[in-house]
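Let's take a friendly tour of a protein model. Have the sequence and the 3D view open, and follow along topic by topic.

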Amino acid sequence: MAVPEITESYTGSVNRLTLGATSQSGGTRATTVVVGGAANVVYGGSDTQAGERPVIAIDVLDSRPNDWPEYLSEPYKDVLDSPAAWAKKCVDEFGAEIICLKFDGIHPEKGDKGADHAVSVTREVLEAVGVPLILWGCGNDEKDNQIMPKVSEAAKGENCLIGTVTEGNYKSLTAIALADGHNLITEAPLDINIGKQVNILAADMGFPLEKIVTFQDTGALGYGVEYSYSIQERQRLAALSGDKMMAMPVICDVGHEAWRAKEAKSEDAPDWGRADKRGPMWEAATAICLLQAGADILRMRHPKAISTVKDFINELW
Amino acid sequence: MALTGLEIFKLLPKSNCKKCGKPTCLAFAMALAQKKAKLEECPEASEEAKSALAEASAPPISLVKFGTGDNEVHIGQETVMFRHEEKFYNPTVIAVSISDKLADDALKERIDAVNSLQFERVGTHLQVGAVAVINDSGSPDTFASAAGTVKKASPLAMILVSESPDALGAATAKVADVRPLLASAASDTAEAVAKIGKENNCPVVAQADSVEGLAELTGKIKAAGVEEIVLSLKARSLKDELYGLSRIRAAALKKTFRPLGYPTVSFVLDGNGEAQAAKGISLICKYSSIVVVESVERHAILPMLTAVMNIFTDPQKPVQVEAKVYRVGEPGSDSPILMTTNFSLTYYTVESDAEASRVPCYILVVDTEGTSVLTAYSGDKLNEKIVAEAMKKNEVDGLVRHHKLIIPGYVAVMSGKLEEETGWEIAVGPRESSMLPKYLQEVA
């Protein structure tokens, strides 16, 4: 029986954005990654409108994390003190297509390390791996403003993705990312209007819209994932309706958020299933959920979670 | 799709007789369109008008029920493509398969395993909603006997899964009183399976390998007298199934295409627990009303049930936790006591960070109608009187000796008034909950 055609009058699409620069484009990356490009809602229309395959960026911390649950740190136990070896392991063993270098160690409460440290970690990781990098600050405005511009400079020409900038703190990082030719992450706290506002602020400084990725804060499964989910869906619909200020690819911080959940980290909760499997499962489940709402880049941590999500992505895209 | 006022007007007598209480038929039609009047109020309405209006007001995706009593499940009746447009209504049912190749102790063990898939998390009880008995044996007798055993040993709603009308008939004869869902009717078995459904008042699954095939098949089943139908798209891949489910939902909602206006069921019976959970969650989000899985691993089932809970939450209503005093670890009379709001996200963030500090403490949750700290403060749902009231009601005086309350950094401004109101010492905690571990370790 003939089924009525569903024709949507979408006029826009999600921007396509390339991460990383090879030697031809003035960088030293062996590979580049293209994200975004969706011209329909998730599973809407045909798969030719699905855009680029979502991609997983594996987290590497600039300093040894002291609050990771044992089941999470176990696969990395031999490399936690060396970001370069850590990044290499992610690429060689866990198939990372992007490394997200997270500078927790520069936070005043978490080590308060300085620019020399951050710059040398950046250089080491750039040397150790050939994939594109995400360079992500610590969340403390003062320290980020002081150190992330130097990190940006150290990776100049590599076409990294750097962030984050917020409504209250965007000027210095936006300016330096522009000068060094990087892509920029704009962040808003689960508020679509503020999200758009930060994009406008960055654009007003001359930052190209097509080099922005948005981060709308991520909630873990069971801890607010539905808020991120609906904001992402609304953002996708806005992009499809032609809103240029909302047409950016979306990044989610899955690993960090999922491993804060009790279901992931409690060792003593047999009713929730095996402790060694719960964490990776919770992380994978959070990622899968966000993929249904149009996530383009997933920041993840546990190799088992990554492999579950990769299998899923490969089946769907 | 709902009719407009003018479309309804065309169906009315246009006599302006005023018997409905409205001055004109047009005014009455407008009231009908806005659901402020009922057609019964018009004594002159024709049969044609009645049936047209009934048809138009039927939900675009119909409601299907199976199982009985407390374990009856409701699926369908969804109204939107995206949860933010309104909400998703009837939560996806997670069902677990039981093969009829299992016998005796193995069968009982499997049933027990399925029954035990119940969980407590964040104060909520979650559980799988149905069992799917699968006719792997190919034998109608074995299938019927397994269904009979499952009925005795499990209170859960039942899905009977077989391609053979004979097997479905034999099993239904044993368990018709618990109203199983019969899966499935295909194009060559539609009449036979629909007959079993009609005679036993059981809903029927229509299964086809294309969306077009499903649309055709539901017509046949309906014509045979079964109103409650569930769609199963037997796709070549998960990808085809998800695209198909989106197409079905859109055709039903945007085109009011009745042949596809039914709830759906998906089967995820391959792969390890993690892979099943991953696929299951995608199907939960994207329009499956029932997801049947094979895994009984608790770590795989809990995230699926949690995803259902999250996705089917009403986006207009903030999720709240009970306003009371919560204990983190085993606090004593010298332990710190923190105050926060009853918006569940706020509370669970604070709780998680307090736990991470490893400092036993109390958390006093104040009822702010489910709003976060800043929102509550600016909306005057969090002020010194409300906090003082909550402290009194929860008798915090008796909990701790020190009479010092830690309040969120974002409402530092209320500390003076709160001190006056309660006589307690007010300490201002960090603005961000993530700084709590450090803060608590320092004050403790």
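Chain B holds 16 helices and 17 strands, where helices (H or I, at least four residues) and strands (E, at least two) are DSSP runs numbered from the N terminus. This is a predicted model: local features need pLDDT of at least 70 and side-chain atom pairs count only at pLDDT 80 or more, while totals for chains, interfaces and linings use all residues. Residues are numbered from 1 along each chain as its sequence is written, and chains are lettered from A and ligands numbered from 1 in the order in which they are written.

**Overall form of chain B**
- The C-alpha trace of chain B spans about 75 × 70 × 35 Å along its principal axes.
- Buried residues (20 or more other C-beta atoms within 10 Å of their own, with C-beta atoms placed from the backbone) make up 48% of the 444 residues in chain B.

**Where the chains meet**
- Chain B brings 50 residues to the contact and chain A brings 40 residues; two residues are in contact if their C-beta atoms, placed from the backbone, lie within 7 Å.
- Among the elements of chain B that give two or more residues to the side touching chain A are β4 (118–121) and α12 (344–357).

**Nonpolar core**
- A nonpolar core is a set of buried Ala, Val, Leu, Ile, Met, Phe, Trp, Tyr and Cys residues joined through C-beta atoms within 7 Å.
- In the largest nonpolar core, of 227 residues, I99(A), A95(B) and A130(B) touch the most other members.
- Helix α10 (residues 275–292) of chain A gives the most to this core, with 9 residues.

Terms used:
Buried ≥ 20, exposed ≤ 12 C-beta atoms within 10 Å, placed from the backbone.
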